Amino acid sequence: MKILFVATRKNVNPDHRELYEMQFMTEALGFQRSILDLGILTVAACTPKGVDVQIVDEYFDEVPYDTDADLIALSAKTSCVTHAYAVAARFKAQGKPVVLGGIHASLKPEEALEHVDFVVTGEAELVWPQFVEQFHKGEAPRLTKAEDFPPMAEIPFPDYANLDPGNFLFHQIQTTRGCPFMCRFCSVPDIAGNTFRFKPVERVVQEIRQRPKAGLIRERMKAIYFVDDNFISRTKYTNDLLDALIPLYEGGELEEWSAETTLNVVRDEAMLEKFARAGCSTLIIGFESISEETLLSMNKKVNFCLSYPAAIEKIHKLGMAIVGNFIVGFDTDPISVFRDIRDFVDDNNILYPFYSILTPMPGTKLHDDYVAEDRLDHTDWQYYDTRHVVYEPKLMSREQLMDGYVWLYEQSYASDRALKRLENYWRQYRQTQSSFVQHAFIKWRLRKFMKTGSPRFQHYLKKGWEILKRKDVTTDVGQLLYYYDAAHFCDFLDGYRSPNFAENARLFERAVTVPEGDDSRQVMQWDTSRVKKTEARLSGKQAS
Ligand code: B12
Ligand code: SF4
């Protein structure tokens with residue numbers, strides 16, 4: 001028996017972009033893709049021995065519709081499910097049975113069954129081997145539900161057998177699953193459960209050691225991405241893990257890495273120092289909003305640990321950069337939100353802001369609220385990708401939300417102020433300078449892009465390179481390359497501007513942050529008594 005696993009593309013149109021795909025940067029460095037689909041590689045690894053496994057990643061290869069496989073296995077998050085259904089339809093038309101698993105099918109199994117022959121919900125480790133055997137005997141039920149979470153020690157290492165490690169930039173590793181917090185916009189507690197589960201530290205170490213290597217030079221360009229929802233799940237576990245990572249990093253067995261954490265990471269300074277010593281170069285942090293009212297209305301109380309600026313400063317001082325996730329379009333977001341976030345990012349030298357449009361994903365409390373209020377424009381899932389507006393916001397128009405999102409990216413990445421932020425960051429915090437060889441290599445790789453993109457991008461390319469030549473700052477060509485990538489992404493985003501973009505942009509600049517007499521949206525006020533006040537005010541609001 002043979003199973004073909006297909007990791008489907010998010011965007012079927014190759015001209016469409018996502019910032020996290022880092023298309024420009026990966027191409028410049030000679031990789032084909034930034035990040036793989038860890039889910040499908042993990043399911044492939046759970047397949048019983050004796051079954052032939054072929055994995056095709058649509059980002060690297062065409063889907064082989066003429067395959068001799070007996071079963072086609074697909075995985076999809078909500079925003080890619082529309083295309084996954086189309087791929088399934090083509091296979092089904094040829095009489096090939098298709099099974100779909102992953103996040104979207106787990107949240108919407110009945111819908112998925114209208115498009116595929118079989119659906120397997122939940123984490124695959126325990127149920128997939130059983131499903132494959134039943135399928136082999138012709139006895140597989142159309143819907144199989146994983147009733148339990150698998151023991152973390154038994155999660156197999158992802159199956160990289162078919163994949164050339166020289167083709168992808170980030171090697172992904174998961175150390176924990178689940179999250180006990182209940183942020184209204186987030187699918188994680190529903191999907192992965194509301195308690196933390198931990199992979200034994202020794203198994204993580206083994207997974208790091210056994211990862212497929214791309215050769216000496218390419219391996220040095222790669223980085224590890226810990227995909228946990230919250231890397232600082234439990235202090236004891238995180239400390240143990242960091243203690244194990246430090247010797248790996250110091251011994252050259254682990255390259256620089258990034259991880260997602262909450263802002264609480266700064267609370268324990270000794271632990272924060274261990275992050276830096278273990279090779280963490282970038283912390284990915286869900287700030288989500290700079291308004292306490294918004295955070296409370298979304299139940300993101302985990303962010304009320306310290307003032308944002310103080311927390312950011314602590315991370316920067318240890319030489320780590322920040323990917324700051326911000327969401328726009330909350331009901332409490334006034335039109336000034338775009339300028340306020342932009343200024344906050346610049347003032348605090350957040351190196352890599354990542355902006356999303358609020359999207360009520362299925363399975364979240366937010367989704368239930370929008371359905372109850374009949375506020376969703378549609379459920380065409382391909383647009384549930386945080387890059388499209390799928391509802392009418394309360395304090396601005398749909399068009400302004402879209403323009404504000406595009407404007408934020410432009411301001412933060414494709415403007416002179418973006419390069420200024422990069423320069424400020426380098427001046428204040430960068431400790432090591434990239435080498436002459438790295439500069440020369442990237443310059444050589446960039447030569448084919450020198451005449452591409454908009455005039456704005458061209459100006460940016462030149463200006464960035466000038467800063468790199470400066471002797472008075474500690475520069476990093478890799479970070480500049482990321483800025484080029486994001487500025488290139490902005491060229492693509494320009495296609496989403498409304499005809500009123502210029503007018504809206506003027507409005508964003510001028511908008512009043514705090515309406516007179518209302519200090520509830522004062523930004524960066526995070527002391528406990530204040531939070532309590534806001535909480536009481538909000539519950540009063542809800543009660544009335
Ligand atoms: C790492 C990550 C990313 C990475 C890598 C994504 C990728 N292609 O793998 C990047 C940064 C690129 C990313 C991007 C996005 N992400 Co993301 N991401 C995650 C994160 C933190 C971990 C995912 C992961 O690797 N898990 C580890 C693997 C092993 O788990 P898994 O994929 O779920 O697979 C298991 C099961 O689902 C099942 N399974 C999976 N496939 C199959 C197939 C079959 C046949 C079977 C039987 C079973 C099965 O078995 C697997 C093993 O147990 C999750 C949070 C989470 N806990 O899931 C969010 C998450 C998946 N992302 C989310 C979102 C919203 C996005 C973006 C839209 C964000 C954006 N602003 O652009 C994009 C969309 C990406 C896309 N369309 O592919 C949401 C998805 C919600 C939803 N309903 O789809 C999540 C759940 C986060 C959240 N807070 O809600 N993401
Ligand atoms: S947003 Fe982060 S902290 Fe909140 S529930 Fe999701 S994973 Fe947990």
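**The sheet and the ligand shells**

Tutor: Six strands, in the order S7-S10-S11-S12-S13-S14, make up an open sheet with parallel pairing. Strands here are DSSP runs (E, at least two residues; helices are H or I, at least four), numbered from the N terminus, and two strands pair if DSSP finds at least two bridges between them. This is a predicted model, in which local features need pLDDT of at least 70, side-chain atom pairs count only at pLDDT 80 or more, and totals for chains, interfaces and linings use all residues. Residues are numbered from 1 along each chain as its sequence is written, while chains are lettered from A and ligands numbered from 1 in the order in which they are written.

Student: Which strands are the edge strands?

Tutor: Strand S7 (170–173) and strand S14 (352–357), each of which pairs on one side only.

Student: How is S7 joined to strand S10?

Tutor: In general, strands of a sheet pair through backbone hydrogen bonds, either parallel or antiparallel. Here S7 and S10 (residues 223–226) run parallel and share four bridges, and His171 stands opposite Ile224 in S10.

Student: How many residues surround ligand 1?

Tutor: A residue counts as near a molecule if its C-beta atom, placed from the backbone, lies within 6 Å of it. Ligand 1 has 40 such residues, with Gly39, Ser75, Gly101, Gly102 and Glu123 the closest. Helix H2 gives the largest share, five residues.

Student: Which residues are around ligand 2?

Tutor: Among them are Cys179, Phe181, Met182, Cys183, Cys186 and Asp229.
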